[in-house]
Amino acid sequence: MIRCAVLQFPGSNCDQDALIAIRSFSGVAAELVWHQTTSLEAFDLIILPGGFSYGDYLRSGAIACFSPVMQAVKKAAQQGKIILGICNGFQILCEAHLLPGTLIRNRNLLFRCEETILRLENNVTPFTQACEKGQLLRLPIAHGEGCYVAQPDVLQELNNNNQILLRYATAEGEITKAASPNGSLENIAGICNREKNIFGLMPHPERACEALLGSTDGRFLFHSLITSLSKK
Amino acid sequence: MKIRITIMPQSAVLDPAGVATAHALEHLGFAGVHSVRIGKSIELDIAEATEEQLHQACRDLLSNPVIEDYHFEILK
């Protein structure tokens, strides 16, 4: 049985969605874990859900970094455990320096809440192994601060190490400026760390796990995770 | 002691709120608005802190060095 923690910060609001999505897979025991928790030893998979932790005060994710549970997340990261940050969870992972770069205000200043098409750039990670390289996924976004930025040397390193897992694309799979809803550098929608055990993405795979919600493409990502954890 | 910290987006980082405000200033009748950059100002009142501790607070929490620069002045 894979043991999954869905973290709850004050202001998280996609925690229940993530919990329902992950529980829809067999072989997973998932529970909500409050941010005051100091140990995540009991878990194999840690999900930082979307929302507006601490009201986005100061900067998105900046204050959540100092929640007690984040020390446990850092320890789990060092142990090579699988960590997934969605939307605000991605912002928190960047602020905690578990992922490089950061997310700033959308270039067009709009809060974008819509379906996007993502091109899968690397399927040799625990998060994407059930997908094809170049596969297009339909996943919704809902964010005002999702414009990914990083220093040029960091961006180069992300490319060299195949750490960019998802880019915003057109329906034909082209990476164009117009396909980006937020102005992210190189249309980046999701990146992983060099060791490939931490993944952050702005789109919401947990909102695309049931046909009723318009797309089931989020299941590819969760299925990948669960398959790779089952093999351990 | 009282400290005022000023945090500004780095010049290489696009500041879309600043750009939008520049356009609004033009609508207000200001001609030749070259640039608007929007940052934040934080005032601290704390018992005691060394300059090194203040730098740490700025680096680790109050600003994000990937996109922002900061400076502080000790008011009294």
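This is a predicted model: local features need pLDDT of at least 70, side-chain atom pairs count only at pLDDT 80 or more; totals for chains, interfaces and linings use all residues.
Let me begin with the cavities. Two cavities of 30 Å³ or more are counted in this structure. By class, the lining of the second largest cavity has seven nonpolar residues, no polar residues and no charged residues.

I now turn to the largest cavity, which holds about 70 Å³ of space. Residues of chain A and of chain B line this cavity. From chain A we find A:Arg59, A:Cys94, A:Glu95, A:His97 and A:Gly101. From chain B we find B:Arg59, B:Asp60, B:Ser63, B:Asn64, B:Pro65 and B:Val66. Two helices each supply at least two residues of the lining: α3 (88–95) of chain A and α2 (51–62) of chain B. By class, this lining has three nonpolar, four polar and four charged residues.

Next, the contact between the chains. Chain A contributes 14 residues to the contact, and chain B contributes 16 residues. The area buried between chain A and chain B is about 1,200 Å², and carbon and sulfur atoms give 67% of that area. Six residue pairs are in polar contact between chain A and chain B, both residues being at pLDDT 80 or more. By class, the side of chain A that touches chain B has six nonpolar, four polar and four charged residues.

How many salt bridges are counted between chain A and chain B? The count is one. In this salt bridge A:Arg59 pairs with B:Glu68, and the closest N and O atoms are 3.9 Å apart.

Finally, let us consider salt bridges over all chains, of which the structure holds 15. One of the pairs joined by a salt bridge is A:Arg105 with A:Glu145, at 3.9 Å from N to O. A:Arg105 lies in the loop between β5 (102–104) and β6 (112–120) of chain A, while A:Glu145 lies in the loop between β7 (136–143) and β8 (147–149) of chain A, so the pair ties together parts that are 40 residues apart in sequence.

Thank you for your attention.

Definitions and conventions: Residues are numbered from 1 along each chain as its sequence is written. Chains are lettered from A and ligands numbered from 1 in the order in which they are written. Side-chain values use heavy atoms; hydrogens and water are left out. On a 1 Å grid over the protein atoms alone, a cavity is a set of points where a 1.4 Å probe fits but cannot get out, and a pocket is an open set with protein on both sides within 12 Å along at least five of seven lines; lining residues have an atom within 4 Å of a point. Grid points are joined across faces, edges and corners, and a volume is the space filled by probe spheres set on the points. Helices (H or I, at least four residues) and strands (E, at least two) are DSSP runs, numbered from the N terminus. Ala, Val, Leu, Ile, Met, Phe, Trp, Tyr, Cys and Pro count as nonpolar, Asp, Glu, Lys and Arg as charged, and the others, Gly among them, as polar. Contact means heavy atoms within 4.5 Å. Buried area is the accessible area (1.4 Å probe) that two parts lose on being put together, summed over both. A salt bridge is a side-chain nitrogen of Lys or Arg within 4 Å of a carboxyl oxygen of Asp or Glu. A polar contact is a pair of N or O atoms within 3.5 Å; within protein, one must be able to donate a hydrogen and the other to accept it, and residues adjacent in sequence count only if both atoms are side-chain atoms.
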